[in-house]
Amino acid sequence: MPVREHDLGEVRDAVAKLCATFPMDYWRATDRERRYPAEFVRALTEAGWLSCLIPEEYGGAGLPLAAAAAILEEIQKSGANGAACHAQIYTMGTVLRHCNEAQKRKYLPEIAKGELRLQAFGITEPSAGTDTSSIRTAAVRKGDCYVVNGQKVWTSRAEHSDLMLLLARTTPREAVQKKTEGLSVFIVDMKAALNKGLSIRPIRTMINHATTEIFIDNLEVPAENLVGEEGNGFRYVLDGMNAERILIGAECIGDARWFLAKATAYANERKVFGRPIGQNQGVQFPIARAYMATEAAALMVERAAALYDAGRPCGPEANMAKQLAAEASWQAGDMCLQTHGGFGFAEEYDIERKFRETRLYQIAPISTNLVLCYIAEHVLHLPRSY
């Protein structure tokens, strides 16, 4: 059932109050020190927001994706950065729909209580990039376990996660009819695997994103940790990817609204040549355009979430939501920086941090070019371009 609007309002208010206890000084410090915001993640966990999609029978709140979108939007709108923990929400797209009952009962109550973290999604590889069907990480069944060898990259939060959803090839690509066949998903106990077949190398990036590269060498994963049926993993991760794209879209809407509020307030307050700069159409119009782009993108995010919650196909909507929202947040960020002029580059205004953070989402979790290719081929039925 959809969440009533007043329920979403209550969710938004509660999340906003929690975020207000983490002032901008906190985020400047974590960014400057490249430190994981453990205190913020702990607060969200204890408040139950990171287990919002987990059904009540497993200790969660049992909320729909629309509520999760509202949670992440409010986090970004407050000036915080939900990238430190959003994976625990969107990985539920795969876990809730495709894990068996024994796996759910083993992991979900612990995740809901905050005793386990599921923050890592091991899919991308250096040689494959967004061509997921070309991954080389292989899992070979040997008795009651799978032996895994390979490498992953851009596996964010791996150092801060107890569990990882790992995509590996269980049937060689040349032995399947469709290139998306023969892929399987596993739940990996990262703490048990660390230095026993699994090693992690942090990647320093332009933002504080806690991303890593993972090396897997003869890692034994119990066969009972296989999610669903062997060989159908690509379909399983799509549910996680659609949820991820919708929720990233919601985060971008939050970023855009933060930029808009910041720019509007400054344009009203800042006076040059004896008048507020917001009185000038050269300042007004970019703000108005960014506002319109944000509101339009927000409607697509809302539509995609509604389709997802209804169990209906939502691939095109999820991709469009992510793309339009990412473009709106970047437009709003650029506008906000321009409105502030030189002060926009000053750390104390927080704009330069948010500007860097929101730029990521035109590249991840999928580049804008691949979204356009998807829409062209699968919606407009144009010839495949890749």
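Guide: Welcome! Helices here are DSSP runs of H or I with at least four residues, strands are runs of E with at least two, and both are numbered from the N terminus. By that count, the protein has 13 helices and ten strands. This is a predicted model, in which local features need pLDDT of at least 70, side-chain atom pairs count only at pLDDT 80 or more, and totals for chains, interfaces and linings use all residues. Residues are numbered from 1 along each chain as its sequence is written, and side-chain values use heavy atoms, with hydrogens and water left out.

Visitor: Why is Cys252 called buried?

Guide: Buried means under 20% relative accessible area, exposed means over 50%, and partly exposed lies in between (1.4 Å probe, protein chains only). Cys252 has 0% relative accessibility, so it counts as buried. Cys145, at 11%, is buried too. Across the protein, buried residues make up 54% of the 386.

Visitor: How do you know that Cys145 is in no disulfide?

Guide: A disulfide is a pair of cysteine sulfur atoms within 2.5 Å. For Cys145, the nearest cysteine sulfur belongs to Cys99 and is 19 Å away. Cys252 is in no disulfide either, as its nearest cysteine sulfur, that of Cys85, is 15 Å away.

Visitor: What makes helix α2 largely enclosed by the rest of the structure?

Guide: Helix α2 covers residues 24-33, and seven of its ten residues are buried, so the helix is largely enclosed. The buried ones are Met24, Tyr26, Trp27, Arg28, Ala29, Thr30 and Asp31.

Visitor: Which helices do the buried residues of α2 pack against?

Guide: They pack against α3 (38-46) and α12 (351-359), where contact means heavy atoms within 4.5 Å. After α2 comes Arg34, with a positive phi near 50°.

Visitor: What share of the protein's contacts join residues at least 24 apart?

Guide: Among contacts between residues at least 6 apart in sequence, that share is 73%.
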